[in-house]
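This briefing concerns one protein model and is intended to be read beside its sequence and coordinates.

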Amino acid sequence: DQAHARLCPLLDPTRRPFLMSRGPTHVLLLLAAFASRAAAGTPIRPAFKWAQSPEDVHIFAKFAHKIDAPAYNNFAHSNVKVTIEPRKLEMVASNHEKTYTLDLNLFKEIDPEESHYSIGTFGVSFVLKKKDKLWKRLLKDKDEKPRNMHLWWEKYDKYQDEMEKLAEKEEAGGKADKMWWKGFEHKCASCTHMIDQAAFSSEAIQTLKDALTTFEEKKKALAEKEAAEKEAAEKEAAE
């Protein structure tokens, strides 16, 4: 069509006989130019690597389709556009030769105002400020595992001890929460004993005891109401 003919004169039937008469070398050069122009319009997903610290998510997007491939280093800062949203990261690096597009839906929310990035010769480094300290993964979809996504081993090693301690702390906190609710469901006497052993002020202890008493009274009243409704329904069915 006309658009492709503008990219490559060989596709223009009015110019083809003349160009073919110039010889194979000229034709090959034209084809190479056409391939280069066509590639510029096809977005490439860049290889990227990531790691996390307790405060931030670190991402490096390389101007290459593979993490171990040579980087394309012909982008000016004005060629790179970045959008950072609470659950989304977008980057487009484009010029007349190549276009790299990164589009990530994040596992948890970040703070865009506190996040930042820097454009280097070989790629873009992002530091995204987390709202929750521990992320199980980077991407929202647990089944999404891009082939060109890698662990950023240098950052991982740097923050590994901190992240392991944080994970242990959160796991212990979760167990403590379960134990509390399990204790709360016990008989009032057991809950009262648990409160008496805690290091609270006498006023706080009394407030908790009153709350537990109210809880038990409401629980008992609800059970009595349900029993009465059940009995009335059975009588009505018998009649």
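Predicted model: local features only at pLDDT ≥ 70, side-chain atom pairs only at ≥ 80, totals over all residues.

Residues are numbered from 1 along each chain as its sequence is written, and side-chain values use heavy atoms, with hydrogens and water left out.

**Overall fold**

- The protein contains six helices and eight strands, where helices (H or I, at least four residues) and strands (E, at least two) are DSSP runs numbered from the N terminus.
- Along the sequence, these elements follow the order α-α-α-β-β-β-β-β-β-β-β-α-α-α.
- Of the 239 residues in the protein, 29% are buried; buried means under 20% relative accessible area, exposed over 50%, and partly exposed in between, with a 1.4 Å probe and protein chains only.
- Among contacts (heavy atoms within 4.5 Å) between residues at least 6 apart in sequence, 56% join residues at least 24 apart.

**Strand pairing around S7**

- S2 and S7 are antiparallel and share seven bridges; two strands count as paired if DSSP finds at least two bridges between them.
- Within S7, Leu-128 is the residue opposite Val-57.
- S6 and S7 also run antiparallel, joined by six bridges, and a hairpin of three residues connects S6 to S7.
- His-116 faces Val-127 of S7.
- Because six of its eight residues are buried, S7 is largely enclosed by the rest of the structure.

**Nonpolar core**

- The largest nonpolar core has 27 residues, and Ile-59, Met-91 and Leu-138 touch the most other members; such a core is a set of buried Ala, Val, Leu, Ile, Met, Phe, Trp, Tyr and Cys residues joined through side-chain atoms within 4.5 Å.
- At least two residues of this core come from each of S1, S2 (56–62), S3 (80–85), S4 (88–94), S5 (99–105), S6 (110–119) and S7 (123–130).
- Not counting residues up to four places away in sequence, Met-91 touches a set of residues that includes Pro-46, Phe-63, Val-82, Leu-102 and Phe-126.

**Largest pocket**

- The largest pocket holds about 220 Å³ of space. On a 1 Å grid over the protein atoms alone, with a 1.4 Å probe, a pocket is an open set of points with protein on both sides within 12 Å along at least five of seven lines, and lining residues have an atom within 4 Å of a point.
- Its volume is the space filled by probe spheres set on the points, which are joined across faces, edges and corners.
- The lining of the largest pocket consists of Trp-50, Ala-51, Gln-52, Leu-134, Leu-151, Tyr-156, Tyr-159, Gln-160, Met-163 and Glu-164.
- Strand S1 (48–52) and helix H4 (153–184) are the elements that give two or more residues to this lining, and H4 gives the most, with five.
- By class, the lining has seven nonpolar residues, two polar and one charged; Ala, Val, Leu, Ile, Met, Phe, Trp, Tyr, Cys and Pro count as nonpolar, Asp, Glu, Lys and Arg as charged, and the others, Gly among them, as polar.

- Lys-49 belongs to strand S1 and is buried, with a relative accessible area of 18%.
- Beyond its neighbours within four places in sequence, Lys-49 contacts His-58, Ile-59, Phe-60, Ile-67, His-150, Leu-151, Trp-152 and Glu-154.
- Ser-53 is located in the loop between S1 and S2 and is buried, at 4% relative accessibility.
- Leaving out residues up to four places away in sequence, Ser-53 touches His-58, Lys-130, Lys-133, Tyr-159 and Met-163.
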